[in-house]
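Welcome! Please take a look at the sequence and the structure below, and then we will walk through some of the details together.

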Amino acid sequence: MLFYLDSFLQILGSTFLDLFLDHLSKGVSRILIPVSVDYWPLEEVFRSENFVVLAKPPDVDEVTLWAALQAQVGNAADRETQRAVFRQCFQADAGFSGLYPVGLHKRASQGLKSRRVHTYHVAIVRGLMEQAEIRIDAPIGRDLRFRSPVVRMCTSTDWEHCYSPCECTTQVILVETGYFDEEFSSKVVVKSYRGDRKHQFRVHLKEVGHPLVGDTLYDDVGHPRSDHLMIRLLRVRVDTDVESLQVDSGDPFTVARLCGRWRVKETFSSLSDALEKLDSLEAF
């Protein structure tokens, strides 16, 4: 009994320490964000009196993104708005790219914190996916085997290492199969129907045996390394009290845009049909 109590206290103490250090580093980074015009301006995809939707390049970290927002959007990039938009809208990890909505005033930013923000991603994953549709229901928590600054998540199948798993559901629709850098791969669209956990898509795709191309954190097999995570947020739908909008961007993972790195073997659905399919499945 004493052994289990001692182990529990060790895990609890290390977890609180990691969380404290994580929040402390984020607080310091917010204070030290430089206001500079040297950052490349982010592409503006959409603007209204309430929102601006920018294009986030891959491998842009949190602090750099905030600094660019300060220089480009102005007072919408203050600390309060940063926390509301960046943390509560969706998980915009450094490796992710694509559309990034920002509220231009407090009420719009509060709307982005709600569950009325729907995001649709396109991705290239390892292996030839055999099913046209996959619904992944697997609780996700923090993997206690990895400590700060490395943050790795896991599903509750690793129950002895998975801290505080929360229910998460991800829907995957197959678009194409083919070859990425001469390895079997599949192009899919993904959407979260429940949960908003860190690395949710990365963990769930790993769970079904199709990790993201370029994901060195969750891809245990020594595949050739990509420049960045091959996932892009290409549609944002927002239903708030101040405004309802839907913003789309083009498919970045085409044969032409990937300069021969992607070759199509078989097409199962058009990208637009796959996105509509995600909406039709939303109620179930």
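## A buried glutamine and its surroundings

The side chain of Q171 makes a polar contact with the side chain of R135, at 2.9 Å; a polar contact is a pair of N or O atoms within 3.5 Å, where within protein one must be able to donate a hydrogen and the other to accept it, and residues adjacent in sequence count only if both atoms are side-chain atoms. Please keep in mind that this is a predicted model, in which local features need pLDDT of at least 70 and side-chain atom pairs count only at pLDDT 80 or more, while totals for chains, interfaces and linings use all residues. Residues are numbered from 1 along each chain as its sequence is written, and side-chain values use heavy atoms, with hydrogens and water left out.

Where does Q171 sit? Its place is in strand β9, residues 169–180; helices (H or I, at least four residues) and strands (E, at least two) are DSSP runs numbered from the N terminus. Q171 is buried, with a relative accessible area of 3%. Here buried means under 20% relative accessible area, exposed over 50%, and partly exposed in between (1.4 Å probe, protein chains only). Leaving out residues up to four places away in sequence, Q171 touches E133, I134, R135, V189, V190, K191, Y193, L278 and L281, a contact being heavy atoms within 4.5 Å.

One of those partners, L278, also belongs to helix α6 (residues 271–280), whose buried residues are L271, A274, L275 and L278. They cover an arc of only 100 degrees around the axis, so they lie on the same side of α6; the arc is that of the directions from the helix axis to the C-beta atoms. An α-helix has 3.6 residues a turn, so residues three or four places apart point the same way. The buried residues of α6 pack against β4 (117–126), β9, β10 (183–194) and β11 (231–239).

Strand β4 deserves a visit of its own. Because 10 of the 10 residues of β4 are buried, this strand is largely enclosed by the rest of the structure. The table shows its pairings; two strands pair if DSSP finds at least two bridges between them.

| Strands | Bridges and direction | Bridge partner of V122 |
|---|---|---|
| β4 and β11 | seven bridges, antiparallel | R232 in β11 |
| β4 and β10 | six bridges, antiparallel | V189 in β10 |

Elsewhere, three strands form an open sheet in the order β7-β6-β8, with antiparallel pairing. β7 (153–155) and β8 (162–166) stand at the edges with a single partner strand each, so one side of each has no neighbour in the sheet. On average, neighbouring strands of this sheet are turned by 35 degrees against each other, direction ignored. Three bridges join β6 (residues 140–143) to β7, and R142 has M153 in β7 as its bridge partner.

Finally, the whole chain. It has six helices and 13 strands, and buried residues make up 48% of its 284 residues. How confident is the predictor, or what is the mean pLDDT of the chain? The mean is 79, and 75% of the residues reach 70 or more; pLDDT is the predictor's confidence in each residue, from 0 to 100.

Methods
Axes are lines fitted to C-alpha atoms, for helices over the stretch in contact, and angles run from 0 to 180 degrees between N-to-C directions.
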